[in-house]
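The sequence and structure come first.

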Amino acid sequence: VKRAILSRQDPIALADFLRAAIDRRADLVARVHGESTDCYRLLHGVTEGAPGVTIDRYGPVLLIQTWRTSLTMGARDAIHRLATDALGTDLVPIWRSRGGGPAGVDAAGDTADYAAVGSPVGLEFGLAYDVRPFHRGQDPLLFLDLRAGRRRIRDAAAGHTVLNLFAYTGSIGLCAAACGADLVWNVDFAAAAIEVARANAARNGLTGDRCRVIRADVIPTVRQLAGLPVKGRAAHQRTFARFAPRQFDLVALDPPRWARGPFGAVDVVRDYPALFKPALLATRPGGDLLATNHAPEVDVADWRAQLERCAAKVGRPLAAIEIIAPEDDFPSFDARPPLKIAWVRVAD
Ligand SMILES: C[S@@+](CC[C@H](N)C(=O)[O-])C[C@H]1O[C@@H](n2cnc3c(N)ncnc32)[C@H](O)[C@@H]1O
């Protein structure tokens, strides 16, 4: 039954696409290895000929994710052999079906995978991250396409105060703290993500008041920091963490595409300004804001214009906006990646 279910992905074609993708990455892989990074994408779906399939290296793990198709055991083994030869290291192959294939998290219950993978740790810029492929959520614990943003944060953080909104497992804040930020606040409301962020911080010796991991809803938190009222029914009915108005030198705003919370929905397609305006007001004049938009249907020029309009409306003009592209392991058609990253300089 297992083999019958898993018989849709042609192992030869997939291995060919992977081989070509790894060849294209030869420079990138050498470069990131030199930066003490062993987490990167090896095959990026449709843009590299394999719709609905991504293959990532996360430290000791080879993570194959499929959205629209299943994977044969033959394909998994061919991918494993190829990656092992190309990278010169034996990785533990893990398959996660993200829809379309059989339900469940790994190669149709291949329990050997669970035992083999243990509690893996991956490296990026010398920082160690929990990269367990099996945990409560569906998404990996480190988003690889945001490496370009983290690189910028590393360059900019020294001597600054940093607010990391929608912190998830803390990667942006940890980069800032490791690169000499004076103070970092990581804010997220998900207990599981916070737990991983705290463990990641401890694993890298980034603990104490200089690098805080705060479990709180971003919406009331950033509004209070911006000196704005907390709105909506939840503001009267619920208790929420209180913060005095405060501005940070560097703010990271990396919201999910959509999320519902007691203080309103996060919706980056319909209402980015609800997040961007308070984040901007919580950034000091002359400071910087890293903002992202993950929605593929949002055009980068429209989004950029929207950020400028927001800034004008709240009376905080921008000195510059630079769009940062994801790195070469995330190729895109027409240089229009679904993940848009803006580095915004607030005028003095
Ligand atoms: C795309 S992830 C952020 C990735 C993260 N910036 C990183 O560097 O890996 C989205 C995160 O937003 C959090 N989230 C969604 N709505 C939230 C809210 N209203 N308040 C706090 N966290 C929220 C989720 O718990 C999740 O961890």
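A nonpolar core is a set of buried Ala, Val, Leu, Ile, Met, Phe, Trp, Tyr and Cys residues joined through side-chain atoms within 4.5 Å. Buried means under 20% relative accessible area, exposed over 50%, and partly exposed in between, with a 1.4 Å probe and protein chains only.

## Basis of the model

The model is predicted: local features need pLDDT of at least 70 and side-chain atom pairs count only at pLDDT 80 or more, while totals for chains, interfaces and linings use all residues. Residues are numbered from 1 along each chain as its sequence is written, and side-chain values use heavy atoms, leaving out hydrogens and water.

## Nonpolar cores

The largest nonpolar core has 40 residues, of which Leu 163, Leu 165, Leu 253, Phe 276 and Leu 289 touch the most other members. Elements that each supply at least two residues of this core include strand S7 (161-165), strand S10 (248-253), helix H11 (273-281), strand S13 (283-293) and strand S15 (340-346). Helices (H or I, at least four residues) and strands (E, at least two) are DSSP runs, numbered from the N terminus.

Leaving aside residues up to four places away in sequence, Leu 289 touches Val 251, Leu 253, Phe 276, Ala 279, Leu 280, Thr 283, Ala 342, Trp 343 and Val 344; contact here means heavy atoms within 4.5 Å. A second, separate core has 37 residues, among them Cys 39, Leu 146, Cys 211 and Ile 341.

## Ligand site

There are 16 residues around the ligand, and Phe 166, Asp 188, Asp 217, Val 218 and Asp 254 come nearest. A residue is near a molecule if one of its heavy atoms lies within 4 Å of it. By class, this shell has 12 nonpolar, one polar and three charged residues. Ala, Val, Leu, Ile, Met, Phe, Trp, Tyr, Cys and Pro count as nonpolar, Asp, Glu, Lys and Arg as charged, and the others, Gly among them, as polar.

Polar contacts are pairs of N or O atoms within 3.5 Å. A nitrogen atom of the ligand lies 2.8 Å from a polar backbone atom of Val 218, and a ligand nitrogen is 2.9 Å from a backbone N or O atom of Phe 166. The side chain of Ser 171 has an N or O atom 3.0 Å from a ligand oxygen.

## Positive phi angles

Most residues other than glycine have a negative phi. Phe 166 has a positive phi near 60°. Phe 166 lies in the loop between S7 and helix H7 (171-178) and counts as buried because its relative accessibility is 14%.

Ala 335 also has a positive phi, about 50°. Ala 335 sits in the loop between strand S14 (318-324) and S15, and its relative accessibility is 65%, so Ala 335 counts as exposed.

Methods:
Polar contact = N/O pair within 3.5 Å; in protein donor to acceptor, adjacent residues only side chain to side chain.
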